[in-house]
Amino acid sequence: MGVVTVILAVHGVGRPARPLDPGEDERWLTVEQFERVLDVAADREDVHLTFDDGNESDVDIVLPRLADRGLTAEFFPLAGRLGQRGYLDREGLRELVDAGMEIGSHGWEPRDWRRLDDRHAARELTDAPKLLGDLCGRPVRRYSLPFGAYDRRVLARLRQAGATRVYSSDGGAARRDGWLQARTELPHDLDGDWLDEVLAGSRRRASRWANRLFRRTAR
């Protein structure tokens, strides 16, 4: 069980403080839904939380609730939207860092990295994490894929950029030592049954991996 985790991807919590992009409302949680997720995560060592886009709610709503439960998480802001209405500003980013949260990059703007030319790839994969690293005071080497989209070319570019870990939206359980990590996005209509099913799936897969490992070492 120790090598397996389920990674949950959150995009926004509470009442949005800005107009949402098309489709964003499908991944926006109420405070009550989010607290249900946190209560489950607080009791499970195999659950990891990540937050995309760098929404204002990351500091206003998410951070105090994580602190109350003694949890840490990873945050992936859009570097080009820092300080814009409804998004984190530089002070908010520092507040996350000072609270012990990890910061990664979600790029400069929400763009499909499979369709980038070399100039835009440099902006998304190099300039964005550099800006975030300068603001955080430490290198930013982890990435969250916009829209969860990737191909071999994207992964090759990320390796060239020095990525130490990359998060997709493929769903299911992930190996903690993996470079490419599958995440499960939380939908706006999640309930207790949905969450229980996702986490139960993680335990089933962990059991299968453990059985395979036992069979290999027993030979």
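Reader: What makes R159 a charge over the face of W179?

Author: This is a predicted model. In it, R159 lies over the face of W179, 3.7 Å from the ring centre. The cut-off for such a charge is within 6 Å of the ring centre, along with an angle limit of within 35 degrees of the ring normal. At 3.7 Å, R159 meets the distance limit, so the arrangement counts as a charge over a ring.

Reader: Which residue lies over the face of W108?

Author: R123 does, at 4.2 Å from the ring centre.

Reader: Why is the pair of F34 and F51 called edge-to-face?

Author: Two values decide it. The ring centres are 5.9 Å apart and the planes stand at 75°. Pairing needs centres within 6.5 Å, and edge-to-face needs planes over 60 degrees apart. Both conditions hold, so the pair is edge-to-face. A search of the whole structure finds four aromatic pairs. Ring pairs also link F34, F51 and F75 into a cluster.

Reader: What parts does the pair of F34 and F51 tie together?

Author: F34 lies in helix α1, residues 31-41, and F51 in strand β4, residues 47-53. These parts are 17 residues apart in sequence, so the pair ties them together across that separation.

Reader: How do you know whether F34 is buried or exposed?

Author: Its relative accessibility is 0%. Buried means under 20%, so F34 counts as buried. F51 has a relative accessible area of 1%, so F51 is buried by that cut-off too.

Reader: What makes W113 and Y143 an aromatic pair, and of which kind?

Author: Their rings are 6.3 Å apart, centre to centre, with 80° between the planes. The limit for a pair is 6.5 Å, and over 60 degrees counts as edge-to-face, so this pair is edge-to-face. W113 sits in the loop between β6 (102-103) and α4 (118-136). Y143 sits in strand β7, and the two residues are 30 residues apart. W113 is at 2% relative accessibility and counts as buried. Y143, at 2%, counts as buried as well.

Reader: What sheet includes β7?

Author: An open sheet of three strands, in the order β7-β8-β10, with parallel pairing. The edge strands are β7 (142-144) and β10 (180-181), and each pairs on one side only.

Reader: How do you know that β7 pairs with β8?

Author: Three bridges join β7 to β8, residues 165-167. Pairing takes at least two bridges, so the two strands pair. They run parallel. R142 has R165 in β8 as its bridge partner.

Reader: Why is strand β1 called largely enclosed?

Author: Count its buried residues. Seven of the seven residues of β1, residues 4-10, are buried, so the rest of the structure largely encloses the strand. Both faces are covered. V4, V6, L8 and V10 are buried on one side, and T5, I7 and A9 on the other.

Reader: Which strands does β1 join through bridges?

Author: Three bridges join β1 to β9, residues 173-175, and the two run antiparallel. T5 stands opposite A174 there. With β4, β1 pairs in the parallel sense over five bridges. I7 has H48 as its bridge partner in β4. Two bridges join β1 to β11, residues 184-185, in parallel. A9 has E185 as its partner in β11.

Reader: What is the confidence in the protein chain, by pLDDT?

Author: The average pLDDT is 90, and 90% of the residues score at least 70. Over residues 206-219 the pLDDT is below 50. Beyond near neighbours in sequence, that stretch has six contacts in the model.

Technical notes: Residues numbered from 1 in each chain as written. Predicted model: local features only at pLDDT ≥ 70, side-chain atom pairs only at ≥ 80, totals over all residues. Heavy atoms only, no water. Helix = DSSP H or I, 4+ residues; strand = E, 2+ residues; numbered from the N terminus. pLDDT = per-residue confidence, 0-100. Contact = heavy atoms within 4.5 Å. Phe/Tyr/Trp six-rings, centres within 6.5 Å; stacked < 30°, edge-to-face > 60°. Buried < 20%, exposed > 50% of the residue type's maximum accessible area, 1.4 Å probe, protein only.
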